[in-house]
Amino acid sequence: MKYSKAYGFIFLMPVVIAVAVIYGMIIWNLVAAFTIWDGMRATWKFAGLLNFFNLFELRRFWVNVENNFLWLFFFIVPTTLLGFVLAYLFNSLRRAEKVFRQIFLYPMALAFIVTGTLWAWMYDPGSGLINSILGGLGINTAKLGWIALPNIAIFCMIFSAFWQYVGFALVIYMGAIRGLSDAMIEAANIDGAGHGRILFQIIFPNVGHGTLICTTMLAITTMKVFDLVWIMTGGGPGIRTEVLPYMMYRMTYSQHNIGMGAATSIVILILAAAMVIPYSKWAIRKWVR
Amino acid sequence: MGDKRFKATSIVILVVLAALWLLPIYAMVNTSIKTQEEVAAQKYLRLPRKVAFKNYLTAFRALRVGLVNSAIITIPATFICIFLGSLAGYYLTMFEFKRSQLVFFWIVVASFLPYQIVLIPITTLIGWLNLMNSYVGLILIYVILNIPMATLITATFFMKMPVTFQEAAALDGCKPFMFYWRVLVPVSIPGMISAAILVFVQIYNEFLLAIALTRGPKIKPVMPILAELKGSQIAQWNIQMAGAVIVSLFPLVIFIVLSEYFVSGLMAGYSKE
C-alpha cells in the first residue's frame with residue numbers, strides 16, 4: 001500500500017510554487033525582451049524584434065558570442081579530457097586515492113570570486129606568481145603579460161576555470177569507470193592492448209553517460225561565467241574577455257538598457273536550453289521507479 | 001612488467017599534477033602571512049621570515065560585516081531549502097504520482113538554468129515587494145532558486161529506501177509526515193548533509209544576485225565585499241590573499257571534513273546512480 005497522493009500533495013506545493021515562480025519570471029523576461037524600454041522604465045508597448053535587432057547590430061555582441069564559443073571549446077575539451085585520463089590513472093593509486101582526489105577537487109569548494117582574486121595575482125605581469133617563478137628561472141618575463149595581453153587573456157581566464165573544474169570531471173569519471181566490469185578491462189589487458197587503446201577504444205565508449213554529464217555541466221558553466229570576468233578583468237583588455245552573461249549585466253545595470261539586457265538574456269536562455277533540455281530528458285530516468 | 005612501469009609512470013604524473021594543483025593555494029596562504037616588504041621582494045614560494053598576522057586583522061576588519069551578513073542569509077536559506085526540498089523529494093519518490101516524470105523534468109531544467117535569465121524579473125519583483133537591500137529578499141530568492149537542486153539531491157537518496165518500508169509504515173497507520181520525520185529523515189541523514197553542503201556552498205559563493213540585490217555595505221554578503229577589497233588594496237597581495245583565505249575558510253573546512261558527503265552530493269546531483 002502506498003500513501004494516497006491527495007494527502008501528501010501539500011509536501012510538493014512549496015517546490016511547485018518555487019518552480020512556477022522561476023518559469024513565470026522566464027516568461028516575464030521574454031515579454032520584457034519584446035517591449036520598448038525607456039531606459040529603466042517599461043512602456044509595455046510591443047517592440048517586435050527591435051531589441052534583438054539593436055543587439056545584433058552591435059559588434060560587441062558578436063565578440064561576446066565568439067568569446068562564449070571559445071569558452072565552450074577550450075574549457076570543456078581539456079577539462080573533460082584531463083578528468084577522464086586522471087580517473088584512469090587513479091587506478092594505480094589504491095590507498096592514496098582519497099588524498100589525491102581531495103587535491104584535485106578542493107578548488108570546486110572555492111568561489112569564482114576567490115579563484116579570480118587568486119589567479120589575477122598569479123597572472124599579474126609585474127608582480128604575479130607565475131612571472132616571479134619564471135623570472136627566478138632566468139626567463140625574461142617582460143613580454144609575458146598573460147591576462148593583460150589581448151590575444152591570450154581569455155585563454156588565461158579559461159585556464160583558471162579549468163584548474164577549478166578538473167576535479168569535477170575526475171569525480172564523475174571515477175564513478176563511471178567504477179561502474180564498468182573489471183572483466184572487460186582484464187580481457188583487453190590480456191589481448192595486449194596498450195593503455196592508450198584501453199582508455200580511448202574500450203573505456204571511453206562505455207562511459208558515455210559520464211561524458212554527457214561532464215560536457216553538459218561544463219557547458220552550462222560557460223553560460224554562467226560572470227564572477228570570474230568581473231573580478232579578473234572586467235571584460236578587458238577592451239572587450240576581449242567579455243562573455244554574454246557579463247555583457248547582460250553590464251547592459252542592464254551599467255548602461256541602463258534593459259531592452260537589450262533582456263534580449264541578451266534570451267540569447268543566453270536559448271543557448272542554455274539547448275544544453276539543459278536534452279540532458280534533463282536523459283537525467284530524469286534515475287528518479288522514476 | 002609493463003604494468004609496473006605504467007603504474008610508476010602514472011604515479012609520477014599524478015604527483016607532478018597534484019603539486020601544480022596545490023601550488024596556487026600554497027602561494028595564497030604563504031603570501032597572506034608575509035609583510036609588505038617580503039611580498040615586494042616577490043619570492044612568493046619562500047616561507048616568510050617574519051609572520052605578519054596583522055594582514056588577517058586588516059582583511060578581517062574589512063570583511064567582518066560581510067561574513068556576518070553571509071551567515072545570516074546563507075544558513076536559514078540552506079535549512080529552508082533542504083526542508084522544503086526534501087518534503088518534495090519524499091513526495092515524488094514515495095507516493096503514487098503519475099506525473100512525477102514531468103515534474104522532475106521541469107525541476108531539473110530549472111535547477112541548471114543560469115541566473116541571468118531571471119535577473120531582470122528578480123530585481124523588479126524584489127523592488128515591488130520592497131525587499132531590495134534586505135536579508136529577507138536575498139533569502140527568499142536563494143530559496144526559490146535552490147529548492148529545485150535540494151529536491152533532486154534528496155530525492156536521489158530517498159530512492160535508496162525500499163518502498164516496502166513505507167508500505168509497512170502505512171499499514172501500521174503511520175501518517176506520511178510522521179514517516180518523513182521519524183523514519184525517512186533519520187535514515188537519510190547522510191543524504192541530507194550532502195544536499196545541505198552543496199546548497200550552502202552554492203549560496204555562500206554566489207555573486208551575481210548578491211551585487212544586484214544589495215546597495216551599500218549594510219546587507220552585502222561577503223563575496224562582493226571581497227571583490228571590493230581586491231579593488232581597494234591594489235597590489236597589496238598579502239591583504240588580498242588573507243581576505244581570500246578568510247572567505248574560503250568555511251567552505252574549505254566543510255569540504256575537507258565532510259568530503260565524502262560533498263562527493264556523494266555531487267554524484268547525487270549530477271551523476272547517473
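In this predicted model, helix α5 of chain A (residues 112-123) packs against helix α12 of chain B (residues 237-257), with the two axes 10 Å apart and at an angle of about 155 degrees. Because angles over 145 degrees count as roughly antiparallel, α5(A) is described as roughly antiparallel to α12(B). The crossing in which α5(A) passes α12(B) is left-handed. On the side of α5(A), the contact is made by Val114(A), Thr117(A), Leu118(A) and Trp121(A), while α12(B) contributes Trp237(B), Gln240(B), Ala244(B), Val247(B) and Ser248(B). Sorted by class, the residues of this contact comprise six nonpolar and three polar ones, with no charged residues.

Chain A brings 75 residues to the contact and chain B brings 80 residues. Within the side of chain A that touches chain B, the element that gives the most is helix α1 (residues 5-33), with 16 residues. That side of chain A consists of 55 nonpolar, 14 polar and six charged residues.

Of its 289 residues, 47% count as buried. When contacts in chain A between residues at least 6 apart in sequence are considered, 66% of them join residues at least 24 apart.

After α8(A) comes Gly192(A), which has a positive phi, near 80 degrees. Helix α12 of chain A (residues 244-254), by contrast, is mostly covered, with eight of its eleven residues buried. These buried residues are Leu244(A), Pro245(A), Tyr246(A), Met247(A), Met248(A), Tyr249(A), Met251(A) and Thr252(A). The cover over them is drawn from both chains, and includes α3 (59-89), α11 (227-232) and α13 (258-283) of chain A as well as α5 (116-128) and α10 (208-212) of chain B. A positive phi is found just after this helix too, where His256(A) takes a value of about 50 degrees.

Chain B has 13 helices and zero strands, so that, read along the sequence, its pattern is one α element after another. The C-alpha trace of chain B spans about 75 × 70 × 30 Å along its principal axes. Buried residues account for 51% of the 273 residues in chain B. Among the contacts in chain B with a separation of 6 or more, 76% are between residues 24 or more positions apart.

Chain B is divided into two domains, with domain 1 covering residues 2-40 and domain 2 covering residues 54-270. The centres of domain 1 of chain B and domain 2 of chain B, taken over C-alpha atoms, are separated by 31 Å. Where these domains touch, eight residues come from domain 1 of chain B and seven residues from domain 2 of chain B. On the side of domain 1 of chain B that touches domain 2 of chain B, the elements that give two or more residues are α1 (2-32) and α2 (36-40) of chain B, and α1(B) gives the most, with four residues. By class, this side of domain 1 of chain B is made up of four nonpolar residues, three polar residues and one charged residue.

A further pair of helices packs within chain B, namely α4 (residues 100-112) and α6 (residues 135-158), whose axes lie 8 Å apart at an angle of about 125 degrees. This angle makes α4(B) oblique to α6(B), and the crossing of α4(B) and α6(B) is left-handed. The residues that make the contact are Ile107(B), Val108(B), Ala110(B) and Ser111(B) from α4(B), together with Pro148(B), Met149(B), Thr151(B) and Leu152(B) from α6(B). In the contact of α4(B) with α6(B), six residues are nonpolar, two are polar and none is charged.

Technical notes. Residues are numbered from 1 along each chain as its sequence is written. Chains are lettered from A and ligands numbered from 1 in the order in which they are written. This is a predicted model: local features need pLDDT of at least 70, side-chain atom pairs count only at pLDDT 80 or more; totals for chains, interfaces and linings use all residues. Two residues are in contact if their C-beta atoms, placed from the backbone, lie within 7 Å. Ala, Val, Leu, Ile, Met, Phe, Trp, Tyr, Cys and Pro count as nonpolar, Asp, Glu, Lys and Arg as charged, and the others, Gly among them, as polar. Domain bounds come from an automatic or database domain assignment. A residue is buried if 20 or more other C-beta atoms lie within 10 Å of its own, exposed if 12 or fewer, and partly exposed in between; C-beta atoms are placed from the backbone. Axes are lines fitted to C-alpha atoms, for helices over the stretch in contact, and angles run from 0 to 180 degrees between N-to-C directions. Angles under 35 degrees count as roughly parallel, over 145 as roughly antiparallel, 65 to 115 as roughly perpendicular and the rest as oblique. A crossing is left-handed if the near helix is turned anticlockwise from the far one by less than a right angle, and right-handed if clockwise.
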